[in-house]
Amino acid sequence: MKSPCILALISTFICCNYSFSVYKKTDREIAESESVLDPNGELLLKWRIDYSIRKIRFQMILSDKAMPLNWFALGFSDRGDLENADVCLVWTDYRQHDHFEDMHSDSYGKLIRDTNQNCDAFHVDAKSRIISFERSFDTCDNDDYIIEDGTVHVIWARGVDKLFSSQGLCLPCTSAHDRGFIRVRLLTPVGVYNEKAKELKITNKNLKVPGSDTTYWCKVVKLPDFITSKVHHIIKFESTITKGNEGLVHHMEVFYCDANPESDIPMYEGNCFASDRPDSTRLCSKVKAAWAMGAPPFVYPKEAGLPLGGPGANKYVMLEVHYNNPELKDDWVDSSGIILHLTSDRRTYDAAIMELGLEYTDKMAIPAGQEAFPLTGYCVPECTGVGLPKHGIIVFGSQLHTHLTGVAVWTRHTRNGVELPVLNKDMHYSTHFQEIRILHRPVKVLPGDYLETTCLYNTIDKENATIGGHAITDEMCVNYLHYYPATQLEVCKSAVSNAALENYFRFEKRWDNMPISYKASPRANYMSIKPWTPLRAKSLDNLYTESPISMQCNRSDGNRFQGDWEGIPIPKIKFPLQPQSRHCQLT
């Protein structure tokens, strides 16, 4: 498709109008969101999702600071690479004609025109400096990316090159300033319940951000008296970003300091990984709010709120901000943070957080050299049976969590052997994009239900095993469920049974001649196994999927529910959920 109006006119404020679709807010299920694309905030991406027709309308808005351009590519790829990507391209040829095309890139990042054109309803408004187009969630075109719920890596590139053809245009050949990607959740939920409440801003104040590529900045804050004197409900939280820093602030979390109510926590402010960070601040680990770039406000259902404060709770929380500064600029000044919306008029139910997945233990490990090694944590029917009330709980939010090698996470939900719809799934997960996600539909979990959480890990560049544990170089596999009403069940996690792991190490020592020590820790024994051949990796996978498990079925006070939780057999899903049919048709 082409037009005599030129894309370059975006820089001169001359208006040219192409036809495009306008959504009217009727009874259709519509959601909207936005995120900056570049670290300098020159490019703002807005999108509107119409679930009734399964389409997204994108708007690319160029600020006054943005350079003139002759072409702009916006698209999607599995991990943010410009190679093997799906792209919608607008470009101007040397005759000053604009073209709009659906393209994909090859393994070198060079563009090829798709046989089927699925980037629809292009529109350029030079006066407003906006480029718009539509895209279906799924086009049934093998050259196109399927937009699913979860993390989406949105890629972009731009240039001033004079072109006679888009064929062969090389996206990675542009300068680092003119290309990049962001991680967002495109399929955000539709409108949510809101009410007025007190605001508590927990922010940095005129922080001179270090000039390094990545900074995690921690700031301990004492809660105000009106919160410490009476329990409040958090009913909403959202970000507040310093203007101009939209591309700098990557994600943020507020942690409650889970210490004795009378304990004072040092008012530390500094790098989260600094050697002089006080040990007592490590107790600030209970997530109360989390935001990531592109995330909308998180709003609790009208029936529930998350308790904060009161005389029986510690008086401190900690803000953690991840700054992404790839250009190593040393002149950033930031006062960003999170706004908590609170009410002293507590709602019907206290909300709570339950941990699913794997124990934080070195009994689990990921072999080196793996592209997608699975680990699964089990929340068995016996645990939900003793831990949940008769009428169950309502899960409305979920935060998936791994460390650096995690690439996918999902939780399956089963009742009486019959698998129900998945309880959160992210096949393009990144540890650098962790947010608490409102579920599209609340999920009821009953006593006796079975939940299993699986994480996939990529250790292709590792030489040694990656071990389960708390350090960032260790690994985790967790789904933090946000639910109501609050119960005593806080942790429902597992690890391979002690007996099964001991037998595995005996086998490796006796038959595989590995330097295993029966007195050494699991970590030391895993690290002594090398090289990790495909056979050894498969043997470890078999150990985890076929052996009995040790359960952490813990109350909120840290103690296990009564019973022998060692050597529990892994439950079987008798009737797995059938694959869903695709909602698409070729154009």
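Welcome to a predicted model, so everything below describes computed coordinates. The chain folds into five helices and 39 strands. Its radius of gyration is 25 Å, close to the 25 Å that the globule rule gives for 587 residues, so the chain is as compact as a globular protein of that length.

The model is a predicted one. Its chain holds five helices and 39 strands. The radius of gyration is 25 Å, close to the 25 Å that the globule rule gives for 587 residues, so the chain is as compact as a globular protein of that length.

Of the 587 residues, 55% are buried. Among contacts with a separation of 6 or more, 78% join residues 24 or more positions apart. The accessible surface comes to about 25,800 Å², and carbon and sulfur atoms hold 51% of that area. As for charge, the chain has 64 positive and 73 negative charges, whose mean positions are 3 Å apart.

Now for the inside. In soluble globular proteins, nonpolar side chains tend to be buried together.

| Core | Size | Residues include |
|---|---|---|
| Largest nonpolar core | 84 residues | Leu37, Ile56, Phe72 |
| Second, separate core | 29 residues | Phe373, Leu400, Cys455, Ile467 |

Val154, Leu186, Phe237 and Leu340 are also among the residues with the most contacts inside the largest core. Strand 22 (residues 316-324) supplies the largest share of this core, six residues.

Which residues does Leu37 touch, not counting those up to four places away in sequence? Its partners are Leu43, Leu45, Met60, Phe72, Leu74, Val154, Trp156 and Ile182.

How values were computed. Residues are numbered from 1 along each chain as its sequence is written. This is a predicted model: local features need pLDDT of at least 70, side-chain atom pairs count only at pLDDT 80 or more; totals for chains, interfaces and linings use all residues. Side-chain values use heavy atoms; hydrogens and water are left out. Helices (H or I, at least four residues) and strands (E, at least two) are DSSP runs, numbered from the N terminus. The radius of gyration is taken over C-alpha atoms; the globule rule is 2.2 Å times the number of residues to the power 0.38. Buried means under 20% relative accessible area, exposed over 50%, partly exposed in between (1.4 Å probe, protein chains only). Contact means heavy atoms within 4.5 Å. Accessible areas come from the Shrake-Rupley method with a 1.4 Å probe; for residues, only the protein chains shown count as cover. Lys and Arg count as positive and Asp and Glu as negative; His and the chain ends are not counted. The place of a charge is taken as NZ of Lys, CZ of Arg, CG of Asp or CD of Glu. A nonpolar core is a set of buried Ala, Val, Leu, Ile, Met, Phe, Trp, Tyr and Cys residues joined through side-chain atoms within 4.5 Å.
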